[in-house]
Amino acid sequence: GCLTVWDWIRERYRGAMPAYVMGMCPTALLQDVVGFDSTMVGFLQAPDIIHEVSRLGMPRNRAHWQAIHDAGVEMVHVSEYTWGGQISPEVYGEFIVPYTRELIEFYRDIGFKVLLYVMGDIHGVLDQIAAYPFDALAIEEGRKDYDLDVGVIREGLGDDRALFGNVPCLLVEEGRPEDVLGEVRRQIAAEGQSGRFVV
């Protein structure tokens, strides 16, 4: 029944907007099987186990994803958790980067565009993230003790790929309309007006 619904949506909107599906998260199996605390310890004390669980979490059913692409879905949304600045850039580079890259390349090889949504503070690993072969990057709003300004992220990312902004949810929920508009305008100005920005 899903493809029947998809056929109706595709006919109704006739390419007016791209269709996307949620892809896999390269560290989801670590969270589910090992758990946060044990993963943090494992980065230092059991690296072989962390790598093995991460490898098991990679997609294997290419035919499934090829069928989704052949049905007209253009984009895959991949989420990645950077561990919020709680791991070093070196640990991120060893344990997260290889699997995120493999996942992005898997989807792009099929023909999808890839929207990478990175959760957490990305400042310390922005150079590594910018090296991934994704088509668009989405970031969280600043939280707790860090700020993710779209101007700084754009500078580290470069101008050739789309960047999704991060207007704070609380501002949207509780702010006055003029305050929301002010933040939207600020982000457009800070981003550099590259033409590849989605508020």
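Me: Where is the place of Thr 100, and in which helix should I look for it?

Reply: One begins with the element that holds the residue, and in this predicted model Thr 100 lies in helix H7, which covers residues 97–110.

Me: Does Thr 100 count as buried or exposed?

Reply: Burial is read from relative accessible area, with anything under 20% taken as buried. Thr 100 has a relative accessibility of 0%, and therefore counts as buried.

Me: Which residue's side chain does the side chain of Thr 100 join in a polar contact?

Reply: The partner is Glu 80, whose side chain is joined to that of Thr 100 by a polar contact of 2.5 Å.

Me: How far apart in space are Ala 138 and Ser 79?

Reply: Separation along the chain and separation in space are read side by side. Ala 138 and Ser 79 are 59 residues apart in sequence, while their C-alpha atoms are 9.2 Å apart. For another pair, Leu 181 and Leu 115, the separation along the chain is 66 residues and that between the C-alpha atoms is 25 Å.

Me: Is Leu 181 buried, exposed or partly exposed?

Reply: Leu 181 belongs to helix H11, and because its relative accessibility is 39%, it counts as partly exposed.

Me: At roughly what angle do the axes of H9 and H11 cross?

Reply: For two helices one reads the approach of the axes, then the angle, then the handedness. The axes of H9 (residues 150–157) and H11 (residues 177–191) come within 8 Å and cross at roughly 25°. Angles under 35 degrees count as roughly parallel, so H9 and H11 are roughly parallel to each other, and their crossing is right-handed.

Me: Which residues make the contact between H9 and H11?

Reply: Helix H9 contributes Val 150, Gly 151 and Arg 154, and H11 contributes Gln 187, Ala 190 and Glu 191. Sorted by class, this contact of H9 with H11 has two nonpolar, two polar and two charged residues.

Key. Residues are numbered from 1 along each chain as its sequence is written. This is a predicted model: local features need pLDDT of at least 70, side-chain atom pairs count only at pLDDT 80 or more; totals for chains, interfaces and linings use all residues. Side-chain values use heavy atoms; hydrogens and water are left out. Axes are lines fitted to C-alpha atoms, for helices over the stretch in contact, and angles run from 0 to 180 degrees between N-to-C directions. Helices (H or I, at least four residues) and strands (E, at least two) are DSSP runs, numbered from the N terminus. Angles under 35 degrees count as roughly parallel, over 145 as roughly antiparallel, 65 to 115 as roughly perpendicular and the rest as oblique. A crossing is left-handed if the near helix is turned anticlockwise from the far one by less than a right angle, and right-handed if clockwise. Contact means heavy atoms within 4.5 Å. Ala, Val, Leu, Ile, Met, Phe, Trp, Tyr, Cys and Pro count as nonpolar, Asp, Glu, Lys and Arg as charged, and the others, Gly among them, as polar. Buried means under 20% relative accessible area, exposed over 50%, partly exposed in between (1.4 Å probe, protein chains only). A polar contact is a pair of N or O atoms within 3.5 Å; within protein, one must be able to donate a hydrogen and the other to accept it, and residues adjacent in sequence count only if both atoms are side-chain atoms.
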